[in-house]
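Please load the model into the viewer and keep the sequence panel beside it.

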Amino acid sequence: GGGGGGGGRNQELDEEEDMRRSLMMELIEESLQRAVVLPVYQRMQETLLKLTKQRDATIVAKVRQLRFKDQEFFGIRPEQVSPTKWKSACFELSQMDKAVLPVHKLAVLLSTARAIYNTHSYEKNREVDIKRVYAVQRRRSICATTLDMQKKAAESAKSISPLRRFMNSRRTDRHSSLPTEPVITAETIKDDKRVLEEPPKIQKFLLAADEFFPIFVYVLVNTDIKHPEFTKTFLWGLCSKLSLNGETGYYLTVYEAALEYVYNMDINQVERNNSKVAT
């Protein structure tokens, strides 16, 4: 038992040390970029903008065409369509042009990805909670309707002859669809109250890579980035291999793939394919 506890403590210390080392490397990277990139940023930007001008123009033109497409157009599954249209992720990505240093632009990509995951998880949890409340309300409504039907049936039975009442009771025993006992009990009321009052259980809803990508493309085309291709080239050219380890490198690759997807997209063909699937 003691050995296991010691091992767990050592693992925590190792994780803290890794985080400290990672933070230190990020600070060093930022300091180097401030010292090296900022003094020559203007000239570097002018040169790169000339190199990426054609692709930037094509991507921006297609983005304007795609901006009014619905989420399903991009391949987002119906159960993952966001009622808020991923506005928080769009806001995060809109900070890209304001960031100058490569490390800050990478941070924008990370914030955008996290906003997508957080939005999806929040909206799915809200959906589950709404269904939970609706189930209670529906059960109460059905119970109230059933009791009302029982009451009307009882009142109706009083106004008929004893012989007819006897015949109806025999038929009711065999065929009645009305419950003979009240559906609402003290126990069900207590259960419903508990369900409505208890805080919702927060679940973590994940997105697979092939589910995340179309959402990211949708966010990209609904965000104003003046020079998306320049941004990609700038980041790949100036970020160190160390800073592109792990998730930062992964999301830069996703960003590059999204740009390539938009650049090569035949919008009319996609619309035709979508209409075939719909029919």
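**Before selecting**

The model is predicted, so local features need pLDDT of at least 70 and side-chain atom pairs count only at pLDDT 80 or more, whereas totals for chains, interfaces and linings use all residues. Residues are numbered from 1 along each chain as its sequence is written, and side-chain values use heavy atoms, with hydrogens and water left out.

**Whole chain**

Select the protein chain and colour it by secondary structure: there are nine helices and zero strands. Helices (H or I, at least four residues) and strands (E, at least two) are DSSP runs, numbered from the N terminus. Of the 279 residues of the chain, 30% count as buried. Here buried means under 20% relative accessible area, exposed over 50%, and partly exposed in between (1.4 Å probe, protein chains only). The chain exposes about 18300 Å², of which carbon and sulfur atoms supply 57%; accessible areas come from the Shrake-Rupley method with a 1.4 Å probe, and for residues only the protein chains shown count as cover. Among contacts (heavy atoms within 4.5 Å) between residues at least 6 apart in sequence, 85% join residues at least 24 apart.

Rings of Phe, Tyr and Trp (its six-membered ring) pair if their centres lie within 6.5 Å; planes under 30 degrees apart count as stacked, over 60 as edge-to-face and the rest as tilted.

Select Tyr41 and Phe234: this pair is edge-to-face, with 5.8 Å from centre to centre and 85 degrees between the planes. Because Tyr41 belongs to helix H1 (residues 2-66) and Phe234 to helix H7 (residues 228-238), the pair ties together parts that are 193 residues apart in sequence. Tyr41 is buried at a relative accessible area of 13%, and Phe234 is buried at 1%.

Which residues form one aromatic cluster? Select Tyr117, Phe212, Phe216, Tyr250 and Tyr251 to display it.

Now select helix H6 (residues 209-221). Its 13 residues reach 19 Å from the first C-alpha to the last, close to the 18 Å expected at 1.5 Å a residue; the expected span is 1.5 Å times one less than the number of residues. In H6, 10 of the 13 residues are buried, so the helix is largely enclosed by the rest of the structure. Phe212 and Phe216 are among the buried residues of H6.

**Helix H8**

Select helix H8 (residues 247-264), which has 18 residues and reaches 25 Å from its first C-alpha to its last, close to the 26 Å expected at 1.5 Å a residue. Its buried residues include Tyr251, Leu252, Val254 and Tyr255.

**Charges over rings**

A charge sits over a ring if NZ of Lys or CZ of Arg is within 6 Å of the ring centre and within 35 degrees of the ring normal. Select Arg55 and Tyr263: Arg55 lies over the face of Tyr263, at 4.0 Å from the ring centre. Lys69 likewise lies over the face of Phe73, at 5.3 Å from the ring centre.

**Val128**

Val128 is placed in helix H3 (residues 102-158) and is partly exposed, with a relative accessible area of 37%. Leaving aside neighbours within four places in sequence, Val128 is in contact with Gln203 and Phe205. A C-alpha distance from Val128 to Lys201 gives 9.2 Å, although the two are 73 residues apart in sequence.

**The loop between H1 and H2**

Lys85 is found in the loop between H1 and helix H2 (87-93) and has a positive phi of about 55 degrees although it is not a glycine. Is Trp86 buried or exposed? Trp86, in the loop between H1 and H2, is buried at a relative accessible area of 0%, while Lys85 is partly exposed at 46%. Phi of Trp86 is also positive, near 55 degrees.
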